[in-house]
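Here's a friendly walk through one protein chain. Have a look at the picture first, then read on.

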Amino acid sequence: MKYIALLYSEAGAAGPGPGTPEFNQMMDDYQSATQAMADAGVLVDSGPLQSAEAATTVRIRNGETQLSDGPFAEIKEQLGGYYILDCDDLDTALRYAATIPAAKYGSVEVRPLMAMGPA
């Protein structure tokens, strides 16, 4: 079953600041966690996202396309990245999600992906 791990953090509080030894350690931890998932054969894809300010929201209302800059909603925590995992069960996906540094500095939400047709 495939799961998505969504990485959230508060704006401006995503962990140690760039250039610090703690930041370098966090980046090493991300690389180690990602490599362990790849080595185990459960990593399908992963990636960081640009800030929420770079988002464009699309809505269709009464047949008209409406575009607005920024995220859909103003929230305290912002989505900063994701991992797609292919695991045997939720417990396995949660075990890998716990290795992602975002769990230390924000949160990692794990959801099963819905199967839509042939895989």
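What follows goes from the overall layout to the sheet and then to a few single residues.

This is a predicted model, where local features need pLDDT of at least 70, side-chain atom pairs count only at pLDDT 80 or more, and totals for chains, interfaces and linings use all residues. Residues are numbered from 1 along each chain as its sequence is written, and side-chain values use heavy atoms, leaving out hydrogens and water.

Let's start with the whole chain. Its secondary structure amounts to three helices and six strands, taken as DSSP runs numbered from the N terminus (helices: H or I, at least four residues; strands: E, at least two). The C-alpha trace spans about 50 × 45 × 15 Å along its principal axes. Out of 119 residues, 25% count as buried, meaning under 20% relative accessible area, with exposed being over 50% and partly exposed in between (1.4 Å probe, protein chains only).

Now for the sheet. Four strands make an open sheet in the order S2-S5-S1-S6, paired antiparallel; two strands pair if DSSP finds at least two bridges between them. S2 and S6 stand at the edges with a single partner strand each, so one side of each has no neighbour in the sheet. On average, neighbouring strands are turned by 20 degrees against each other, direction ignored. Axes here are lines fitted to C-alpha atoms (for helices, over the stretch in contact), with angles from 0 to 180 degrees between N-to-C directions.

Here are some of the elements with their residue ranges:

| Element | Residues |
|---|---|
| Strand S1 | 2–10 |
| Strand S2 | 43–48 |
| Strand S5 | 77–86 |
| Strand S6 | 107–112 |
| Helix H2 | 90–97 |

S1 and S6 are joined by six bridges in the antiparallel sense, and isoleucine 4 sits opposite arginine 111 in S6. Helix H2 packs on the sheet and touches S1, S5 and S6, its direction making about 155 degrees with that of S6. Contact means heavy atoms within 4.5 Å.

What about single residues? Tyrosine 105 belongs to helix H3 (residues 102–105). Is tyrosine 105 buried or partly exposed? It counts as partly exposed, because its relative accessibility is 34%. Tyrosine 82 is 23 residues away from tyrosine 105 in sequence and 15 Å away in space, C-alpha to C-alpha.
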